[in-house]
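Dear colleague,

I am passing on the structure that we talked about, together with some notes on what came out of looking through it. Please read the notes with the model open beside you.

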Amino acid sequence: MVNKDLSIEFLGVKFENPFCLSSSPVGNCYEMCKKAYEVGFGGVVFKTIGPKSYYIDEVSPRFDKLDKEDTPFIGFKNMEQIAEHPLEENLADLRKLKDEFPNKVLIASIMGNDEKTWEELARLVTEAGADMIEMNLSCPQMTSHAMGSDVGTNPELCKKYCQAVKRGSKLPMMAKMTPNITDMCEVAIACLDGGADGIAAINTVKSICNVDINKYVGMPIIDGKSSISGYSGKAIKPIALRFIQQMRDNPKLKNVEISGIGGIETWVDAVEFILLGASTLQMTTSLMQYGYRIVEDLKNGLMHYMEDKGVDSLKDLVGLANKNIIPAENLNRDYIVYPQIDLDTCIGCGRCYISCFDGAHQAMEFNKETRKPFCNEEKCVGCHLCALVCPVDAISKGKIKVKPNRKVDIKNLSL
Amino acid sequence: MECKYLNDLDAGLNFKTLKLEASRCLLCLDAPCSKECPAGTDPAKFIRSVRFDNLKGAAETIRENNPLGGICARVCPTEKYCQKGCLRCGIDKPIDIGSIQRYVCDFEQKTNMKILKKGVDNNKRIAIVGSGPSGLSLASLLLQHGYSVDLYEKNDKLGGYLRYGIPSYRLSNEVLDNEINKIIDLGLKYHTNTEIGKDITLNELKTYFDAVVVAIGYSKGKVLDMFKDNPYVESAVDFLKRIKENDGHVLVDDNVLVIGGGDVSMDICTSLKILGSTNVSAVVYEELFEFKASKKELEDARKHNVTIIDGYVPTACKDNHVTFKHRRLPYQLEMTADKIVLAVGQTYDLGNIDLEMERGQVKTKYNYQVGDSNVFVIGDISINKEKTVVGSVKSAKEALYYINKYLGGF
Ligand SMILES: Cc1cc2nc3c(=O)[nH]c(=O)nc-3n(C[C@H](O)[C@H](O)[C@H](O)COP(=O)(O)OP(=O)(O)OC[C@H]3O[C@@H](n4cnc5c(N)ncnc54)[C@H](O)[C@@H]3O)c2cc1C
Ligand SMILES: Cc1cc2nc3c(=O)[nH]c(=O)nc-3n(C[C@H](O)[C@H](O)[C@H](O)COP(=O)(O)O)c2cc1C
Ligand code: SF4
Ligand code: SF4
């Protein structure tokens, strides 16, 4: 079996591999985190611990999922707040975990409701033996507006609370961002100004997943009502990647260390986060759906990828794709690449024709006798919608046309 | 015509259908599929790897467990093993585990993965007699454990029934060669056209090597007395060998009567049809509900319009005319054919190897060892009950443990 060193340093702490539980029910207690470590996770972000004074009272049921055709769990909605277990119990669990797994990374996620509680929680989890602190500035369904994403969209408050945490603890600390904001960079910069050492992104996206069309209420239904709350899973991966790229692209955040979160299921997802600048990775929804065991294929697949790329240290992959994501106005708009149809592979379903007619430029023609499509290049704009809908991947990139009065060296184009 | 014989009957999965099939898997807790493989394959694990885009990891899971994973993927009667307990049956039908395994092993081949490694030399030398699946898989396992291995085969090519029995449309020589090359790459020394008992004696091997493993299979077709010395009659295994050696360039008769109903019978029936026989009738001892042939092979024969008459035993044969009677009912059957093929089972052919037999198997202890000697016996001719390819692999894996123990390993 392939064997590669997956270790990486993040905020000065060495992780034996970059895969961590993200703060959520998947890391709710000692038994769960123990099992996750044993199955192979490099780190755990324990379920967010709140102040003693804040009483957690949850609804039932509290989840919903979005399906599409025969694929369940495209996205997942939850209405859960922070740890339900008493503060002392959580601290005892942290202590026990650190005792038993000294080489695994233990990260405490905390959430205060004022400077005093933030500082106090930071001190308590440090005493309990955590290696690192994550500040949860981003839960979108807290029942108090002094907590969660309402705080995470306010740069001033974030900075103040970061300073408070730094007063309570010398541990490395990351601030966990909410995506329910237009510009995440402003908040991230405020957090770094307040003393944060790195950023965790993202928490859940505010959502309504489904509406019960007979009862006229969103899902899940709690005594006839529902609320807007956090959406996670595969569906939010594009949103997470976008925010991470924007931070890495911001001059003030250029080399900020990031823990990537949002829809990670496979090693390919993991590599995408790494290439855009994440150096550790956190997961919840995929683990709620499939269990901790999926980390085996995440690790093994990542090792094979490194082997194939000839890379020996994971850090060499971090951020490799950042420079290739540029503002839309700087993209090369001088050429069109036409679809090329492999007629041997084509099974004649006509989907390319339908999508081109109804959703593009009526360039795809379809011969009903031979059941073969043909692209009329007079009309084709090279959008490649046809390629995306083809069920047998018969359509690829073909001939290149340079637009009138433009100069392009076709040979050097990277398609 | 020959072209059809050489082409895979089952086209296999492509990447899209692979993902579809893998996504049907329920990712069960305690997956029953992973408990049913005689060779200890863990389908639930490799299907999960496919599901989570880790094809290379899937290939490792298969190959590290079974040196002949790519062959088993094609020829295992999966409905009797891994697919038997598949919990997907609670919804519709079992996962097509064989086809998923086949795709993954083809991927391993295409991407030129080198999964198995030669072990650190332990200065111990072992001879294996016979290069069927049991001999080949044991060779691979021993090499991975640091033994030096010499493999002796009386035919001019390696593979046993994989080479000379199972038809090309189910297992091509190309696939077989690829699997064998993986073992040769580990440092296998092999000697073809060398018959033990004739060119070299078993005693010579016993003195020269630390241990000798006999894996000579059931190389002869059984012949019932009434069919002896009849020019119309040929055994199925001889016939299949002739077809395979000639890549399907064999003249076949128009009306062929096949007697027997196991995998070998279905193989000869389908081969004959593919090669152009107009009428192929199999008369089978078992009734359909108790059929021995695998589901897939029976299906293949049916698809090729083979006539199957179940529940009859032959009672007399004169030239090309055979009389049968029904096992339970007062029916009689008279059949005249251009050719009669016997597929009523295989038996051992020790040649000049001196070994004590007991109920069709070489007499050994539970640990595959002949008395206290340095001779071990595996595969079809051994005490191993599963007379299949994967059963051969199983016997090799078990024998590896006992040989190691015998030679002071673990
Ligand atoms: C037509 C046919 C189809 C089958 N289909 C399937 C199938 O689809 N799936 C399945 O699981 N199983 C199938 N089987 C059964 C399977 O092939 C056997 O169980 C398996 O090959 C047994 O392996 P083995 O290593 O014990 O012996 P064999 O495969 O019989 O190999 C024994 C080898 O030893 C060599 N040998 C014999 N004597 C000597 C000697 N004195 N010196 C040197 N070499 C010697 C022989 O030449 C031969 O190469 C089929 C069998 C046949 C005949
Ligand atoms: C049920 C549930 C509970 C969560 N609880 C917390 C929490 O207590 N603290 C926190 O920082 N994030 C929490 N999250 C957010 C996750 O940690 C994570 O940021 C988000 O789900 C996106 O990752 P994913 O797509 O891998 O699930 C929770 C998510 C879910 C689904
Ligand atoms: S969508 Fe693909 S398969 Fe269908 S007609 Fe177009 S090219 Fe052919
Ligand atoms: S038993 Fe069937 S459904 Fe369950 S893990 Fe195995 S293949 Fe998948």
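B:Ser235 sits in strand β6 of chain B, which covers residues 233–235; strands here are DSSP runs of E with at least two residues, helices are runs of H or I with at least four residues, and both are numbered from the N terminus. At 9% relative accessibility B:Ser235 counts as buried, where buried means under 20% relative accessible area, exposed means over 50%, and partly exposed covers what is in between, with a 1.4 Å probe and protein chains only. Leaving aside residues up to four places away in sequence, B:Ser235 touches B:Gly221, B:Val341 and B:Leu342, a contact being heavy atoms within 4.5 Å.

Before going further, please note that this is a predicted model, in which local features need pLDDT of at least 70 and side-chain atom pairs count only at pLDDT 80 or more, while totals for chains, interfaces and linings use all residues. Residues are numbered from 1 along each chain as its sequence is written, chains are lettered from A and ligands numbered from 1 in the order in which they are written, and side-chain values use heavy atoms, with hydrogens and water left out.

The contact between domain 2 and domain 3 of chain B takes 17 residues from domain 2 and 14 residues from domain 3.

B:Tyr164 belongs to helix α8, residues 161–164, and is buried, with a relative accessible area of 6%. Apart from residues up to four places away in sequence, B:Tyr164 touches B:Asn155, B:Asp156, B:Lys157, B:Val237, B:Leu240, B:Lys241 and B:Glu245. From B:Tyr164 to B:Tyr103 there are 61 residues in sequence, and the two C-alpha atoms are 24 Å apart in space.

B:Ala396 is part of helix α14, residues 389–406 of chain B, and with 0% relative accessibility this residue counts as buried. Its contacts, again without residues up to four places away in sequence, are B:Ser134, B:Ser137, B:Leu138, B:Leu141 and B:Ile378. B:Ala396 and B:Ala215 are 181 residues apart in sequence, yet their C-alpha atoms are 9.5 Å apart in space.

Some backbone details also deserve a look. In chain B, phi of B:Asp53 is near 60°, which is a positive value in a residue other than glycine; B:Asp53 lies in the loop between α3 (43–51) and α4 (55–65), and counts as partly exposed at 31% relative accessibility. In chain A, A:Leu11 also has a positive phi, near 50°, and is likewise not a glycine; A:Leu11 is in the loop between β1 (8–10) and β2 (13–15), where it counts as buried at 9% relative accessibility.

Chain A also holds cis peptide bonds. One runs from A:Ser60 to A:Pro61, with omega near -10°, and A:Pro61 lies in the loop between β4 (43–49) and β5 (63–68). Another joins A:Met219 and A:Pro220, with omega about -5°, and A:Pro220 is placed in the loop between β13 (217–218) and β14 (229–232).

As for chain A as a whole, the chain has 12 helices and 20 strands, and its C-alpha trace spans about 75 × 55 × 45 Å along the principal axes. Its domain assignment gives domain 1 (8–324) and domain 2 (332–412), whose C-alpha centres lie 41 Å apart. Buried residues make up 55% of the 415 residues in chain A, and, among contacts with a separation of 6 or more, residues 24 or more positions apart account for 71%.

Key. Domains from an automatic or database assignment.
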